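This report describes the packing of helices and side chains in a predicted model. Please read it alongside the sequence and coordinates shown here.

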Amino acid sequence: MKRALEIYEKFLNAVTKAVGIIAGILLLLPALMVFYEVVMRGLFNAPTEWSIELSVYCVLIAGFLGMSVTYTAGKHIHVDIVLSHLSVRTRCYIELFTTIVGIFFCVVFVMQSLDMALLSYEMDNTSPSTLRTPMWIPQMSLPIGIGLLLLQFIRTLLVDIQKISSGEFSEEVNYKC
């Protein structure tokens, strides 16, 4: 079990790192697009029709893809004022419970967002702009991003169960089991 978990963690961390790079690039692109738009509009009086729409899609996709990266880095919100007064054992059980709630939320979110994207694909929904962007393309960032977050929650759950069952509790500042 321990070896399988190590392989799973290594694979998931590699995928998360790659997705983080993609999300970073997707955050750089809107800056370049808006700069191009400002130059074209200001200097040449030739505004673009695509820059704002594509910028919004890039930021939206980067946000959803970056969720698993943020979770892996431990940058999600914790209620430290409450957790700091609890024992390590209690913090571990609370983390286990919140991880299970996170898994449930992610499963529901992935299923619903995948249904939405597939329906958009089947109905051939496009954006109401001159670009006519197929809506399933930006919508697929939801199940992909939350799906990666789900895999990270599952990793956390397996690691926490392993640590609790073996009695390995640590006094880390970030309250991880």
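## Leucine 148 and its surroundings

When neighbours within four places in sequence are left aside, leucine 148 is in contact with Val15, Val19 and Ser68. Leucine 148 belongs to helix H6, and because its relative accessibility is 9%, against a limit of under 20% for buried residues, it counts as buried. In this predicted model, the C-alpha atom of leucine 148 is separated by 7.8 Å from that of leucine 65, a residue 83 residues apart from it along the chain.

## Nonpolar cores

The largest nonpolar core has 15 residues, and those with the most contacts inside it are Ile103, Cys106, Ile146, Leu149 and Phe153. Two or more residues of this core come from each of helix H2 (51-72), helix H4 (88-123) and helix H6 (141-166), with H6 giving the most, seven residues. Apart from this core lies another one of nine residues, which includes Cys58, Ile61, Ala62 and Leu148.

Phenylalanine 153, one of the residues with the most contacts inside the largest core, touches Tyr71, Thr99, Gly102, Ile103 and Cys106, if residues up to four places away in sequence are not counted. Two of these partners, Ile103 and Cys106, are themselves listed among the residues with the most contacts inside that core. As a general background, nonpolar side chains in soluble globular proteins tend to be buried together.

## The pairing of H1 and H2

How do the axes of H1 and H2 cross? The axes of helix H1 (residues 2-44) and H2 come within 8 Å and cross at roughly 155°; since angles over 145 degrees count as roughly antiparallel, the two helices are therefore roughly antiparallel to each other. The crossing in which H1 passes H2 is left-handed, and the residues of the contact between H1 and H2 divide into 16 nonpolar, eight polar and one charged.

Most residues other than glycine have a negative phi. Aspartate 124, although not a glycine, has a positive phi of about 55°, and arginine 132, likewise not a glycine, has a positive phi of about 55°.

Is aspartate 124 buried or exposed? With a relative accessibility of 59%, aspartate 124 counts as exposed, because the limit for that class is over 50%.

Conventions: Residues are numbered from 1 along each chain as its sequence is written. This is a predicted model: local features need pLDDT of at least 70, side-chain atom pairs count only at pLDDT 80 or more; totals for chains, interfaces and linings use all residues. Side-chain values use heavy atoms; hydrogens and water are left out. A nonpolar core is a set of buried Ala, Val, Leu, Ile, Met, Phe, Trp, Tyr and Cys residues joined through side-chain atoms within 4.5 Å. Buried means under 20% relative accessible area, exposed over 50%, partly exposed in between (1.4 Å probe, protein chains only). Helices (H or I, at least four residues) and strands (E, at least two) are DSSP runs, numbered from the N terminus. Contact means heavy atoms within 4.5 Å. Axes are lines fitted to C-alpha atoms, for helices over the stretch in contact, and angles run from 0 to 180 degrees between N-to-C directions. Angles under 35 degrees count as roughly parallel, over 145 as roughly antiparallel, 65 to 115 as roughly perpendicular and the rest as oblique. A crossing is left-handed if the near helix is turned anticlockwise from the far one by less than a right angle, and right-handed if clockwise. Ala, Val, Leu, Ile, Met, Phe, Trp, Tyr, Cys and Pro count as nonpolar, Asp, Glu, Lys and Arg as charged, and the others, Gly among them, as polar.
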